Amino acid sequence: MVREWDPRTAPSEEIESLRATLNAAVSIDLPDDPPWRGDSFREYLSVTMPGERRVCWLAESAPGAAAGGEPALGQANLLLLGDIGVLDLTVRPDARRAGLGRELLSAAVRRAFAEGFRSIGVEVVGDTPAVEFYEKYGFRCAFVEIRNVLRMSTVDWQRLGEMAGGVGSGYRVEFHAGGPPEEFYEAYAEAKEIVRDSYDLGDLELRPSSYDPERLRASLATLHARGLKPYIVLGVHKSSGKVAGLTEVVVPAQRPTRADQYDTVVVPKHRGYGLGRAIKARMLFELRSAEPRVTEVQTWNAFENEPMLKVNAELGFQPDRQWSEYEADIADLARLLHVNGA
Ligand SMILES: CC(C)(COP(=O)(O)OP(=O)(O)OC[C@H]1O[C@@H](n2cnc3c(N)ncnc32)[C@H](O)[C@@H]1OP(=O)(O)O)[C@@H](O)C(=O)NCCC(=O)NCCS
């Protein structure tokens, strides 16, 4: 039985039931990944950026089963932003191949179609059944990335120290826990915008980005409210005071042993001075003392982003698995799934 579900008001037992389901899926699909902890888990599921909405569905064997402590059979949630929806869908491993994935997908498509959304995007983890599932329903691969993982225990700290110090004398490297200081918001957003304009991100960009100071402020507030703690290293161009490079790492309260590397950006005219390597190396040093529980850092890179892959390899990141963004038109999905009104 699939029903719409609101994690903001759901009983704690249902939140726990969903967490148990996600952990059952992690243990089968991504066995090296850490399990989800209960810390700020409700907030993680409920809070969105201003202007965005998340609609959620829960599947259970009978009404009240999740509230009674049984792990949910599955879940779907659809983040609605602009005219696209970003889908996240999980079926408990022992409940797979019984049509539940299709049922949850249909619920999300019905809603997105009724609200006039144009397309759905989804992150598909390589070497999991999700690849066949989404391809079966006509999703197309829009963008392929590779996940890279760095184990802190393998870092050569002396070599890393050389990298952190190997930066041109025109730059200053600064570390900030919690986010960049207010006075850097403008320069920070500007650096991200310049680099975005020089990228070809393919057809789809699913990650929230912060290209103006107001959006940056909202994005930081959202991260904190979801239990995700950001750490920033800035490369500041001394003579202009501009942000020449930045790197962002986030430590989730729900998975405190595995940090996420978000954006690393070096503004084109400041490339070639060792900034990319230096700011990422400095970040690892800071992370080691600020977050001693972190044992791994994960990051996603496009195959064609050779400079970043090279820096990551020097730091000790190892390629893990393919992680692709797929998309489909809602109207096509609605027809295929015989959703009412299509
Ligand atoms: C992808 C997923 C949602 C599918 O759920 P499901 O309930 O098994 O899907 P359904 O039973 O509705 O399958 C619908 C169709 O998808 C395709 N499909 C689903 N799983 C498949 C598999 N393992 N191999 C081949 N085709 C598959 C089939 O065509 C299937 O129809 P069929 O059973 O009539 O042949 C489920 O495997 C899942 O939750 N995976 C999570 C993977 C993931 O992202 N993990 C990482 C985060 S933990």
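Contact here means heavy atoms within 4.5 Å of each other. With that in place, let me begin at W323. Leaving aside neighbours within four places in sequence, W323 is in contact with L30, E123, V124, V125, G126, F143, V144, E145, R147 and W300.

Before going on, a word on the basis of the talk. This is a predicted model, in which local features need pLDDT of at least 70 and side-chain atom pairs count only at pLDDT 80 or more, whereas totals for chains, interfaces and linings use all residues. Residues are numbered from 1 along each chain as its sequence is written, and side-chain values use heavy atoms, with hydrogens and water left out.

W323 belongs to strand β12, residues 318-329; helices (H or I, at least four residues) and strands (E, at least two) are DSSP runs numbered from the N terminus. Is W323 buried or exposed? W323 has a relative accessibility of 10% and counts as buried, where buried means under 20% relative accessible area, exposed over 50%, and partly exposed in between, with a 1.4 Å probe and protein chains only. From W323 to E286, 37 residues away along the chain, the C-alpha separation is 28 Å.

Q322 also lies in β12 and is partly exposed, at 38%. With neighbours within four places in sequence again set aside, the contacts of Q322 are V124, V125, G126, V144, E145, I146 and F303. Of these, E145 is 177 residues from Q322 in sequence, yet their C-alpha atoms are 5.9 Å apart.

I turn now to the helices. Two packed helices are described by the angle between their axes and the distance between the axes. Axes are lines fitted to C-alpha atoms, for helices over the stretch in contact, and angles run from 0 to 180 degrees between N-to-C directions. The axes of α5 (residues 157-165) and α8 come within 7 Å and cross at roughly 130 degrees. These two helices are therefore oblique to each other: angles under 35 degrees count as roughly parallel, over 145 as roughly antiparallel, 65 to 115 as roughly perpendicular, and the rest as oblique. Which residues meet between α5 and α8? From α5 they are W157, L160, G161, M163 and A164, and from α8 they are R277, A278, A281, R282, L284, F285 and R288.

Helix α8 also packs with α9 (residues 306-315), their axes coming within 10 Å and crossing at roughly 40 degrees. That angle makes α8 oblique to α9. On the α8 side the contact involves G276, R277, K280, A281 and L284, and on the α9 side M308, K310, V311, N312, E314 and L315.

Next, the aromatic rings. Rings of Phe, Tyr and Trp (its six-membered ring) pair if their centres lie within 6.5 Å; planes under 30 degrees apart count as stacked, over 60 as edge-to-face and the rest as tilted. How many aromatic pairs does this rule give? The count is 10. One of them, F133 with Y137, is edge-to-face, at 5.2 Å centre to centre and 75 degrees between the planes. F133 is partly exposed, at 21%, whereas Y137 is buried, at 10%. Another pair, Y171 with Y273, is tilted, at 5.4 Å and 50 degrees. Y171 lies in strand β7 (171-177) and Y273 in the loop between β10 (258-266) and α8 (275-290), so the pair ties together parts 102 residues apart in sequence.
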